[in-house]
Amino acid sequence: MNYHSTRNSACTVSAAEAIARGISEEGGLFVPETLPQLTMDDLCALAGKSYAERAGRILSLFLTDFSEEELSRCVDSAYSPEKFDCEGITQLSKVGEETYFLELWHGPTCAFKDMALQLLPHLMTVSAEKTAPGEEIVVLTATSGDTGKAAMEGFKDVPGTRMLVFYPEDGVSPMQKLQMTTQEGGNLSVCAIQGNFDAAQSGVKKLFTDPAMIRELKEKGMRFSSANSINWGRLAPQIVYYISAYVTLMEKGEILPGEEVNVAVPTGNFGNILAAFYAKRMGVPFGTLICASNENNVLTDFLDAGIYDRNRPFYTTLSPSMDILISSNLERLLYELSGRDDEAVREWFSLLAEEGEYEVSDEVKDRLADEFFGSCCGDDETLETIGRLFKEYGYLCDTHTAVAVKAAEDYRESTGDERKVLIASTASPFKFSGSVLQAISDGPVPENPFEQAERLSALSGLPVPPSLRALQGKPVRFDGSIPAERMEEAVRSLLTL
């Protein structure tokens, strides 16, 4: 299995090279040359297997230059039971008759990013040994809140790696900020920027494709890679949990083999819902993919009209990990839906960079309409959804998952589609205790995030995750912030270039 760049189909690399590099030289994203196919017999054969066994089987279809022993070592290390607080690594919770929450946040940082970022350091270490032995991997990452902490937890003190994480100083929750600024690890650094996530992500991409920077790194025996979902090694593990969830629904007798299930995903950078799209293309019987956005509804408008326009106000919302106007992984989707037309992709994303807007072809618009439904909601609707879900079913969700719940409800109401729905639940409600408290309680919300968490625990009967409680009193290692235009300077200082 080789990989091509979305902006240059002639560029062909191995899986290990795609993971080690993260992004192609011209700024494109790596995609597999073909998508492996799974029959219903293949899916049924995964029943009764552990999550690590399922991951090993599915990833072996994509990472064909990894030996069976190498891949087994990677998945067993990533998905060991002591790292997750539920036996199955993920958990499926049924709410009502037709809705299932795929809880992806039972890992060490209480967010769905753990599902991939506990694995990526192992994949990257093996990839580096195969493609650039002796080189130091410099992992450069932009985060809207959850990726940064999950990546640092995964890469903490991993030999042969360094990591620098950039995050918007006013665009994360208090608990997310504490998770990052108190992070331990001698090979890690965290830097807040005076701007939003899009500014951080654009700065990182610019550094990845800077020929002078790449040359200087090479002279010092280093190379950049990424822990964002632009890296195929981040995205491939996300495909696993959708396939695994379908198998588990069959195991539990909740669906019949071959029964179609809709999927609703709270969406920011488009990686999570893209993984569901890939799983569907591989043969998993998923129906409509429901793309849920908050007030930053650039994706909803795109799915409605086929015009991507980032020239609009940016909103800081109660679901900060979705506060994004440039959704990087959309590029991979458009590459697939355009028939892998790298020339069209180059044109669209050049227009996005230069003018902030592009319009896809009528053919791509039709294919989008066949696969996706877009919906968005504001903060008031998000809070109302959390409160209603808790009141009616006793189920507590965070501010991102609630957006997906509302989108799934909008879809059902507008189409009459009564198929069962799988909702990607992306974070523990305790990471956003203040907002969740506001949704389920009429009383005043304490300012201290740890008091918020304890009160939420008392009201819900759920324990505060130990990893979040342990942040209290932990010394802050990284403080201050820089203008976004000084990101290159920060990288040079860290790497002594």
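Predicted model: local features only at pLDDT ≥ 70, side-chain atom pairs only at ≥ 80, totals over all residues.

**Salt bridges across the chain**

I began with Arg-54 and Glu-251, whose side chains meet in a salt bridge at 2.9 Å, N to O; the term stands for a side-chain nitrogen of Lys or Arg within 4 Å of a carboxyl oxygen of Asp or Glu. Arg-54 lies in helix H3 (residues 51-60) and Glu-251 in helix H11 (residues 232-251), so this pair ties together parts that are 197 residues apart in sequence.

Residues are numbered from 1 along each chain as its sequence is written, and side-chain values use heavy atoms, with hydrogens and water left out.

I then looked up accessibility, taking buried as under 20% relative accessible area, exposed as over 50%, and partly exposed as in between (1.4 Å probe, protein chains only). Arg-54 is buried at 3%, whereas Glu-251 is partly exposed at 41%.

Next I noted Glu-135 and Arg-223, which form a salt bridge with their closest N and O atoms 3.0 Å apart. This pair links distant parts of the chain, with Glu-135 in the loop between helix H6 (120-131) and strand S6 (136-142) and Arg-223 in strand S9 (residues 222-225), 88 residues apart. Arg-223 is buried, at 16% relative accessible area, and I find Glu-135 and Arg-223 linked with Glu-17 and Arg-21 in a network of salt bridges. Over the whole structure, the search returned 31 salt bridges.

**Glu-70**

I turned to Glu-70, which lies in helix H4 (residues 68-78) and counts as buried at 16% relative accessibility. The side chain of Glu-70 makes a polar contact with the side chain of Lys-130 at 3.0 Å; such a contact is a pair of N or O atoms within 3.5 Å, where within protein one must be able to donate a hydrogen and the other to accept it, and residues adjacent in sequence count only if both atoms are side-chain atoms. A polar atom of the Glu-70 side chain also lies 2.8 Å from the backbone nitrogen of Ser-67.

**Helix H12**

Gly-283 follows H12 and has a positive phi, near 125 degrees.

**Enclosed space**

Last, I searched the whole structure for cavities of 30 Å³ or more and found 2. The largest cavity holds about 270 Å³ of space. Of the 24 residues lining the largest cavity, the closest to its centre are Phe-112, Lys-113, Gly-268, Asn-269 and Ser-321. Helix H7 (146-155), H11 and H12 each supply at least two residues of that lining. A cavity here is a set of points, on a 1 Å grid over the protein atoms alone, where a 1.4 Å probe fits but cannot get out, and lining residues have an atom within 4 Å of a point.

Methods
Helix = DSSP H or I, 4+ residues; strand = E, 2+ residues; numbered from the N terminus. 1 Å grid on protein atoms, 1.4 Å probe; cavity = no way out; pocket = protein on both sides within 12 Å on 5 of 7 lines; lining within 4 Å. Points joined across faces, edges and corners; volume = space filled by probe spheres on them.
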